[in-house]
Amino acid sequence: PTSAQLSAVPHSGRFRYTLDNNLLTTEQRQFYEDNGYLLIKKLVSDEDIERFRKEFTRICKREVKPPGVMIMKHESLKSQFGQSENVVNKVQDFQEDEELFRYCTLPEVLKYVECFTGPNIMAMHTMLINKLPDSDQQTFLHPMHQDLHYFPFRPASRIVCAWTAMERAHEDNGCLVVQPGTHKTTLKPHDYPQWEGKTNKLFHGLLDEDEKIPKVHLVMEKGDTVFFHPLLIHGSGINRTSGFRKSISCHFASSECHYIDVKNTTQEHLEKELEEMVRKKYNATSVELKDIWNFRARLVQGERINL
């Protein structure tokens with residue numbers, strides 16, 4: 001069973017996943033409706049990206065320690081490189097780092113986010129990804145998945161991810177791969193893929209991937225930003241280059257969304273895993289999924305209603 005029923009109110013009759021606004025053209029809205037994603041070229045400035053890059057380096061070197069931030073590392077490289085960006089695959093939950101959180105408040109990003117969420121906007125899940133060079137082990141291959149698997153709030157159509165390339169992203173360095181149109185499906189069962197020793201914590205993937213659905217590699221230039229639906233099936237390949245492929249992203253949701261109980265759904269095992277991780281990290285006796293998301297969530301625009 002799944003709790004991913006889409007309950008978006010249709011707007012203008014033909015549009016289910018976008019809201020009436022003066023920003024998106026009819027063609028852009030139709031593209032998102034049909035495909036579940038929309039790519040906007042050169043949305044974030046080089047200056048902003050450079051500031052995010054510098055702050056990422058400071059976090060890696062432990063020059064700043066934002067509360068709640070989760071630093072994902074490739075443990076086997078620590079002896080070789082110590083505290084540096086050469087070992088950090090991801091900085092997650094940076095909502096308390098004012099410099100990185102600026103990404104979630106950029107007017108040029110929020111004006112697009114509002115087309116999907118409406119005016120009351122929460123930043124729910126933040127990440128700066130530093131895809132490490134990885135030709136042999138395939139450690140940082142992220143299997144095809146739906147982001148809604150991680151989220152205990154609905155409706156899905158009032159959630160959107162903004163993902164910005166911090167340098168050119170292409171097939172060789174592990175760009176995003178999407179299956180257009182899959183946002184119209186339901187939430188599917190996920191778990192760890194059967195790749196021996198090649199799986200990062202919480203890198204869940206679809207248990208039953210339909211190879212017949214065409215895949216599109218999203219080649220993006222620095223500053224390009226893709227907005228996509230949380231049911232869109234997507235992933236990323238391995239980085240076969242010697243450099244790093246950085247991107248910064250935030251999942252936004254309307255604050256009018258509501259939390260759901262994931263018991264007896266395909267998300268229940270994820271809830272247990274997350275709660276266990278948080279209990280260990282903070283030495284907490286009891287913690288609920290809703291508490292974890294309340295801690296991660298931060299209002300960026302409008303009024304905080306439910307989330």
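Two residues are in contact when they have heavy atoms within 4.5 Å of each other. Among contacts in the chain between residues at least 6 apart in sequence, 82% join residues at least 24 apart.

Before the first selection, note that this is a predicted model, in which local features need pLDDT of at least 70, side-chain atom pairs count only at pLDDT 80 or more, and totals for chains, interfaces and linings use all residues. Residues are numbered from 1 along each chain as its sequence is written, and side-chain values use heavy atoms, with hydrogens and water left out.

**The whole chain**

Display the chain as a cartoon. Its secondary structure comes to 7 helices and 16 strands; helices (H or I, at least four residues) and strands (E, at least two) are DSSP runs, numbered from the N terminus. Of the 307 residues, 57% are buried. Buried means under 20% relative accessible area, exposed means over 50%, and partly exposed lies in between, with a 1.4 Å probe and protein chains only.

**Two packed helices**

Select residues 46-60, helix α2, together with residues 98-105, helix α4. Two packed helices are described by the angle between their axes and the distance between the axes. Here the angle is about 145 degrees and the axes are 9 Å apart. The axes are lines fitted to C-alpha atoms, for helices over the stretch in contact, and angles run from 0 to 180 degrees between N-to-C directions.

Which residues of the two helices meet? Show the side chains of Asp-48, Arg-51, Phe-52, Glu-55 and Ile-59 in α2, which meet Glu-99, Leu-100, Arg-102 and Tyr-103 in α4. By class, this contact has 4 nonpolar, no polar and 5 charged residues. Ala, Val, Leu, Ile, Met, Phe, Trp, Tyr, Cys and Pro count as nonpolar, Asp, Glu, Lys and Arg as charged, and the others, Gly among them, as polar.

Strands of a sheet pair through backbone hydrogen bonds, either parallel or antiparallel. Two strands pair if DSSP finds at least two bridges between them.

Select strand β3, residues 88-92, of which 5 of 5 residues are buried. Strand β2 (residues 70-73) pairs with β3 in the antiparallel sense over 4 bridges, and Met-70 stands opposite Gln-92 in β3. In β4, Leu-128 is the bridge partner of Val-91.

β4 and β14 pair in the antiparallel sense over 10 bridges. Select β14, residues 245-254: 10 of its 10 residues are buried, so this strand is largely enclosed by the rest of the structure.

In a regular strand the side chains alternate between the two faces of the sheet. Both faces of β14 are covered: Arg-245, Ser-247, Ser-249, His-251 and Ala-253 are buried on one side, and Lys-246, Ile-248, Cys-250, Phe-252 and Ser-254 are buried on the other. Strand β7, residues 159-165, pairs with β14 in the antiparallel sense over 7 bridges, with Ile-159 opposite Ala-253.

**Helix α5 and Phe-116**

Select residues 107-117, helix α5, whose buried residues are Val-109, Leu-110, Tyr-112, Val-113, Cys-115, Phe-116 and Thr-117. Centre the view on Phe-116, which has a relative accessible area of 0%. Not counting residues up to four places away in sequence, Phe-116 touches Tyr-17, Thr-18, Leu-19, Leu-24, Tyr-32, Ser-157, Arg-158, Val-160 and Phe-227. The C-alpha atoms of Phe-116 and Phe-227 are separated by 9.3 Å, although these residues are 111 apart along the chain.

**Backbone details**

Most residues other than glycine have a negative phi, and most peptide bonds are trans. Select Arg-154 and Pro-155, which are joined by a cis peptide bond with omega of about 5 degrees.

Next, is Asp-93 buried or exposed? Asp-93 counts as buried, at 6% relative accessibility. This residue is found in the loop between β3 and α4 and has a positive phi of about 60 degrees. Finish at Asn-264, in the loop between β15 and α6, where phi is also positive, near 60 degrees. Asn-264 is exposed, with a relative accessible area of 61%.
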